[in-house]
Amino acid sequence: MACRIGVDVGGSFTDFAVLDDADGRLASLKVFSRPDRPGEELIAALARLGERDGIDPQAVERFTHGTTVGINTVIQRNGARLALFTTRGFEDVLEIGRLKIPQIHNLYSVRPAPLIPRDRVFGIDERTLATGEVLQAPEAADVAAAVAAALAAGAEAIVLAFLNAYRNPANERAVAALIAGLAPDLPVIGSAETWPIIREYERTVTAAISGYVRPRVAHYLDRFEATLRGAGVAGPILITKSNGGVMGLDQARAECVQMVLSGTASGVIGAGWLARESGFDRVLSLDIGGTSADVAVILDGEAQYGVGERVGDFQVHIPSVSVSSVGQGGGSIARVDDFGVLQVGPDSAGSTPGPACYGRGGTRATISDAMAAANLIGHRALGFGAVSVDRAAARQAIAPLAAALDLSVEAVAGRIVEVSVSGMFAEVSGLVSRFAIDPREFHLFAFGGAGPMLACFLARELDMKGVVVPPSPGVVSALGGLIADVKNDFIRTVYREADAATVAALDRDMRALTAEARDWLARQGFGGPGEIGLSADMRYAGQSYEIETRLDPAWLAAGDDGAVRDAFHAEHARVYGHADPSATVQIVNLRLVIVGRTPKPRLARLSAADGPAVPRATVTAFFDGRATPTALYDRAALQAGHRFAGPAVIDQDDTTTVVPPGFQVAVDGLGNLLITRSEG
């Protein structure tokens, strides 16, 4: 059968979502990730899909993958050894940055060391004016000396970031050509080609991140492609982008920075589509895997985007899905610190050896072990039968912590959950403040292998409307890659007052960017013209930062500068609660995004219940350390209209949903679990 496949490689499991193009049927699968032998999980999953569902790899029409290799490279600091060539006199651009410390309320907070140390930064005598005029071109001898010094310092690639290159990249291109003649095998990353934005530090750090991750990303993609081709997959192979779209492998290799947040974006895109199809217009997505808990804001099915999302210790200044992450995944390790305080994460047991309860050699207590020791998971095999939970091993792993804290194993299990939820609460609080939303108006859309396991505990602390658990929560990230649209962003710096002359120039820029965008979309193999979205980064004169404001192309075509300014005044009032129509408005950047829509699957509806929901058993589980009779339900047996009260455990092939006392469950027509606080 012809099909599309989306895959998400996580720290513990690799998830597959498969769409039959003929009948719109969705299938899913989980297998253990193999960081020790990458690629084997793909081979194993394709073989199992062939046996179980009759899927022939040669019939795969599109294979989409979301990966964390880029962000992990930055976090682990194991990327390329880079040198930076910048305008002489600006060698300290990465050291100075924006003079901000990571945590303003922490007196001991320190700024991270830059990805390119100062002794591998070299000044070049060149200068481009803010108007784009080249005042001084680089000289060959100057560049040759810098290349020799960079090679002597062990540089494996060169980043070019010259003053005002966003306006005119001629000097960057000239130096790149000189380097190609001097050291043909030395990769060169130009800041203007990476992302041509006005601010020097932001443009430089973004180019540095792109160069830093390039070797590992390229190696990963080469191996990924070879594995799939060797397995018989002949269709296009696509990579999820940080902006929630997808791109081909060639672009992914050339523009590595575009996929740094690839893995986290996939889950948000999948959750947004499911939420919209299910009628939930205001949700916080909660994606908990083996390593981290990722939270994002979704309004009317659309993920919220931002520029300056954090990648490890640094911000990357390209359009990205706004996701906040905290090291509180199912495999996050619990410990008692030197002060006798229980801590959870960010270290993770991953898939090898994994939590102790997985029976794969792990001995350190994790969040999953806490849930197993509390008898809240493990009543059936996890991960499509990949794991049989060893409850005794979980208790044994927690026992040393219990002894150190002078508490019972069950009490410590409850404390581990409390500590992990408090970490998530702190992260969500920052996200809520950033987007000025009230969590009491939102549902928590829970997915990932551990999201439904912990969602009710977090929703209770945030006083949210309820929790939504989709029918196949364990593979939502893979689904996100499968349904992601072909999408790309384009930018042009304007930096002018928003008057009639500027709006006329914007119309010309928009037409040029539109032609560039449609050419890009055609090169991706998309057959239609795509959908164009237009916006501008605008501010009042004297302000330091801008607000992205949506524009109607018709305003530019008509030269209606008043409509452009009015749109900014309205957006400023929405964000800050006030506006000044008499003030001068500036346009800094013009942004254009093109989207080629991907066909979406049809969600199956459940048959209506013909009787009450019947648990298959009642077990003794522990909530907050207290033994509680708990109903055990099989997710596959639940039908539309079923309702029941917690405490309850609902298990299925890809995850377990835990419903604490004080909550009630309703099953809707699409099979979603809607979990809310019990009245009274």
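Analyst: Buried means under 20% relative accessible area, exposed over 50%, and partly exposed in between, with a 1.4 Å probe and protein chains only. The model is predicted, so local features need pLDDT of at least 70, side-chain atom pairs count only at pLDDT 80 or more, and totals for chains, interfaces and linings use all residues. Residues are numbered from 1 along each chain as its sequence is written, and side-chain values use heavy atoms, leaving out hydrogens and water.

User: Why is Tyr-495 called partly exposed?

Analyst: Its relative accessibility is 40%. That value lies between 20% and 50%, so Tyr-495 counts as partly exposed. Tyr-495 sits in strand β23, residues 486-497. Strands here are DSSP runs of E with at least two residues, helices are runs of H or I with at least four, and both are numbered from the N terminus. Tyr-495 also has a positive phi of about 55 degrees, although it is not a glycine.

User: What makes Asp-300 buried or exposed?

Analyst: Its relative accessible area is 55%. The cut-off for exposed is over 50%, so Asp-300 is exposed. Asp-300 lies in the loop between β14 (293-299) and β15 (302-303). Asp-300 is not a glycine, yet its phi is positive, about 50 degrees.

User: What makes Phe-16 buried or exposed?

Analyst: Phe-16 has 0% relative accessibility, so it counts as buried. Its place is in strand β2, residues 13-20. Phe-16 and Leu-29 are 13 residues apart along the chain, and their C-alpha atoms are separated by 5.0 Å.

User: Why does His-443 count as buried?

Analyst: The value for His-443 is 11% relative accessibility. That is under 20%, so His-443 is buried. His-443 lies in strand β21, residues 443-447. Leaving aside neighbours within four places in sequence, its contacts include Phe-280, Arg-282, Met-464 and Leu-674. Contact means heavy atoms within 4.5 Å.

User: What about Leu-249: buried or exposed?

Analyst: Leu-249 has a relative accessible area of 7%, so it is buried. Leu-249 is found in helix α8, residues 249-254. Not counting residues up to four places away in sequence, Leu-249 touches Leu-221, Glu-225, Ile-237 and Ile-239. Leu-249 and Ser-285 are 36 residues apart in sequence and 28 Å apart in space, C-alpha to C-alpha.

User: Why are α2 and α7 called oblique?

Analyst: Helix α2 (residues 69-76) and helix α7 (residues 200-230) pack at an angle of about 125 degrees, with axes 9 Å apart. Axes are lines fitted to C-alpha atoms, for helices over the stretch in contact, and angles run from 0 to 180 degrees between N-to-C directions. Under 35 degrees is roughly parallel, over 145 roughly antiparallel, 65 to 115 roughly perpendicular, and the rest oblique. The angle of about 125 degrees falls in the rest, and therefore α2 and α7 are oblique to each other.

User: Which residues make the contact of α2 with α7?

Analyst: Val-69, Gly-70, Thr-73 and Val-74 of α2 meet Ile-209, Tyr-212, Val-213, Arg-216, Val-217 and Tyr-220 of α7. They divide into seven nonpolar, two polar and one charged. Here Ala, Val, Leu, Ile, Met, Phe, Trp, Tyr, Cys and Pro count as nonpolar, Asp, Glu, Lys and Arg as charged, and the others, Gly among them, as polar.

User: What makes a nonpolar core, and how many residues are in the largest?

Analyst: A nonpolar core is a set of buried Ala, Val, Leu, Ile, Met, Phe, Trp, Tyr and Cys residues joined through side-chain atoms within 4.5 Å. The largest has 77 residues, and Leu-444 and Val-467 are among those that touch the most other members. Helix α12 (residues 409-435) gives the most to this core, with 10 residues. A second, separate core of 62 residues includes Cys-3, Leu-49, Ile-71 and Tyr-201.

User: What joins Gly-345 and Pro-346?

Analyst: A cis peptide bond joins them, with omega about 0 degrees. Pro-346 lies in strand β20, residues 342-348. Another cis peptide bond joins Gly-646 and Pro-647, with omega about 5 degrees. Pro-647 lies in the loop between β29 (643-645) and β30 (648-651).
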